[in-house]
Amino acid sequence: MFEVCRRCLMPNTRPETPFEDKVCQACINFDARSQVDWKSRLNELAGICERYRRQDGSWDCVVPVSGGKDSHAIVFYMKEVMGMNPLLITVGDPFTKTKAGAKNYYNIGETFNCDQILFTVSPKALKCLVTAGFEKLLNPLLFVEQVLNTIPFKMALKFGIQLLMKGESPFIYGGSVIENKSANKRFHRKFNDFDMQFWIDQGADKEELNSIVPPKNFDELDTYYMSYFVPWSSLKNFEIAKRYGFVDLTHEWKREGCIEDFEQIDSIAYLAHLWLKYPKFGFQRTSDIVARRIREGALTVERGKELISKYDHKLDQCALEDFISFIGYSTNEFWSIVERFWNTEIFKKDGNFGWKMKVSRF
Ligand SMILES: [Zn+2]
């Protein structure tokens with residue numbers, strides 16, 4: 001049955017988030033943070049950095065970055081606080097960049113004086129695989145996410161770098177405490193889960209799948225989540241990022257279905273990708289943000305309910321336009337595909353063109 005967490009309003013349809021006594025595991029994990037000695041965690045990070053620091057000036061860690069506020073915060077901690085020399089690696093999504101996204105991408109290398117590599121998949125392969133992910137799974141960026149999960153590891157190993165620092169651990173979203181600090185286990189599992197045959201069945205050639213062939217010597221790399229070492233907060237990361245030149249969408253684009261203008265702002269159609277979980281799970285971006293803000297004490301539950309009711313179902317028209325122009329579909333073709341994925345345990349048909357939730361959300 002569709003239920004929401006009584007603390008943060010996150011629905012129980014969210015994958016990988018168990019509930020206990022009507023409270024989601026993300027809230028339970030957030031509460032556990034109050035017991036953490038953050039000074040000692042930062043010292044632990046300093047110890048790890050000391051182990052991998054290179055004295056000859058070469059790169060001593062890899063940080064996968066998009067250019068977003070969290071990327072800025074991770075590089076801030078690694079370079080400015082820990083004094084490391086990170087190599088930044090970006091795997092871009094294929095959609096049109098926002099002005100802010102383009103500026104932030106260049107800003108991160110410039111403001112922190114870091115070398116940066118941009119990896120892009122062949123445009124032809126990308127169009128085919130994004131379209132397949134959309135049509136078959138309603139998950140257009142599945143392939144890009146697999147590349148994002150693979151390329152930084154492969155590049156680190158290629159350059160003989162043994163430390164890789166990621167941002168948020170799954171623990172923040174209700175994952176197991178075992179995966180709070182090190183990302184090695186999770187990525188081993190992810191690599192094993194990659195289904196090459198699925199992409200080949202969608203028309204991809206083997207040569208187009210090089211980027212998601214998992215690294216062989218993965219054990220030579222130590223991978224951590226920054227959210228284990230510092231009290232991770234998107235609001236705090238935004239403040240850090242702004243101090244280093246990060247810009248948001250305030251002066252560029254007021255996004256429908258969104259209640260902030262500084263998260264996931266790199267490209268236009270990414271918002272359409274995020275919206276596509278709505279038909280399957282009955283929630284999307286507004287619910288994600290509301291849950292985080294409530295946990296951090298930045299929003300009341302009552303206000304959260306208002307925002308979700310008003311915005312969570314909305315798909316931004318600009319994002320939709322950019323998405324369909326990338327895959328070459330008409331609006332009608334887009335909705336015909338989405339039509340197949342509405343979760344009938346949550347939604348019922350409302351007239352010829354709409355779906356609405358069967359039960360009241362709150
Ligand atoms: Zn919760």
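This tour goes through a zinc site, a strand residue, a helix and a pocket in a predicted model.

Residues are numbered from 1 along each chain as its sequence is written, and side-chain values use heavy atoms, with hydrogens and water left out. Because the model is predicted, local features need pLDDT of at least 70 and side-chain atom pairs count only at pLDDT 80 or more, while totals for chains, interfaces and linings use all residues.

**Stop 1: the zinc ion**

Select the zinc ion with Cys 5, Cys 8, Cys 24 and Cys 27. The SG atoms of these residues are its protein donors, 2.3 Å from the ion. Donors here are N, O and S atoms within 2.8 Å of the metal (3.2 Å for Na, K and Ca); water is not among the atoms, so sites may look incomplete. The angles among the four donor atoms run from 102 to 117 degrees, and the site is tetrahedral, a label given to four donors if all angles lie between 85 and 135 degrees. Along the chain the donors are spaced C-x2-C-x15-C-x2-C. Cys 8 is in the segment before strand S1 (19-20) and Cys 24 is in strand S2 (residues 23-24), so this pair ties together parts 16 residues apart in sequence. Strands (E, at least two residues) and helices (H or I, at least four) are DSSP runs, numbered from the N terminus. Cys 8 and Cys 24 are both buried, that is, under 20% relative accessible area (1.4 Å probe, protein chains only).

**Stop 2: Thr 223**

Move to strand S7 (residues 222-225), where Thr 223 is placed. Thr 223 counts as buried because its relative accessibility is 0%. Leaving out residues up to four places away in sequence, Thr 223 touches Phe 153, Leu 164, Lys 166, Lys 181, Ser 182, Ala 183 and Asn 184; contact means heavy atoms within 4.5 Å.

**Stop 3: helix H14**

Select residues 317-327, which form helix H14. Its buried residues are Ala 319, Leu 320, Asp 322, Phe 323, Ile 324, Phe 326 and Ile 327. Show helix H5 (123-137), helix H10 (270-275) and helix H15 (331-339) as well, as they are included in what covers those buried residues. After H14 comes Gly 328, with a positive phi near 80 degrees.

**Stop 4**

Finish by selecting Tyr 278, Asp 312, His 313, Lys 314 and Trp 355. Of the 17 residues lining the second largest pocket, these are the closest to its centre. Strand S9 (354-357) and helix H13 (301-311) are the elements that give two or more residues to this lining. The largest share, three residues, comes from S9. On a 1 Å grid over the protein atoms alone, a pocket is an open set of points with protein on both sides within 12 Å along at least five of seven lines, and lining residues have an atom within 4 Å of a point.

Definitions and conventions: Buried < 20%, exposed > 50% of the residue type's maximum accessible area, 1.4 Å probe, protein only. Tetrahedral: all angles 85-135°; square planar, octahedral: opposite > 155°, others 65-115°. 1 Å grid on protein atoms, 1.4 Å probe; cavity = no way out; pocket = protein on both sides within 12 Å on 5 of 7 lines; lining within 4 Å.
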